[in-house]
Amino acid sequence: MDKNDLQERMTCFAVRIIKMVDAMPSSVSGLAIARQVVRSGTSPSANYRAACLAKSDKDFINKL
């Protein structure tokens, strides 16, 4: 697995999370859970992107 493959898989995962949340009920509790799921489901992609921009190997490990 190379860098681009992992990045593409994480992007597809984030899109699937967003589609799943769109299908959730619009109740008060559903919206609260949906917000948390979107935040936690899309953060790995953002964290990986930040780690790829690391200036050194130590910085890369620190960001992961």
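pLDDT is the predictor's confidence in each residue, from 0 to 100. The model here is predicted, so to speak for itself: local features need pLDDT of at least 70, side-chain atom pairs count only at pLDDT 80 or more, and totals for chains, interfaces and linings use all residues. Residues are numbered from 1 along each chain as its sequence is written, and side-chain values use heavy atoms, with hydrogens and water left out.The protein chain averages a pLDDT of 88, and 100% of its residues score at least 70. Its secondary structure comes to three helices and zero strands (DSSP runs numbered from the N terminus: helices are H or I of at least four residues, strands E of at least two). Here are the two ends of the confidence range:

| Helix | Mean pLDDT |
|---|---|
| Helix 3 (residues 57-63), lowest | 79 |
| Helix 1 (residues 3-22), highest | 91 |

Now to the packing. Helix 1 and helix 2 (residues 28-52) pack at an angle of about 165°, their axes 9 Å apart; axes are lines fitted to C-alpha atoms over the stretch in contact, and angles run from 0 to 180 degrees between N-to-C directions. The pair is therefore roughly antiparallel (over 145 degrees; under 35 is roughly parallel, 65 to 115 roughly perpendicular and the rest oblique). Residues in the contact (heavy atoms within 4.5 Å) include L6, F13 and I17 of helix 1 and V37, G41 and Y48 of helix 2.

As for overall shape, the C-alpha atoms fill a box of roughly 45 × 20 × 10 Å along the principal axes.
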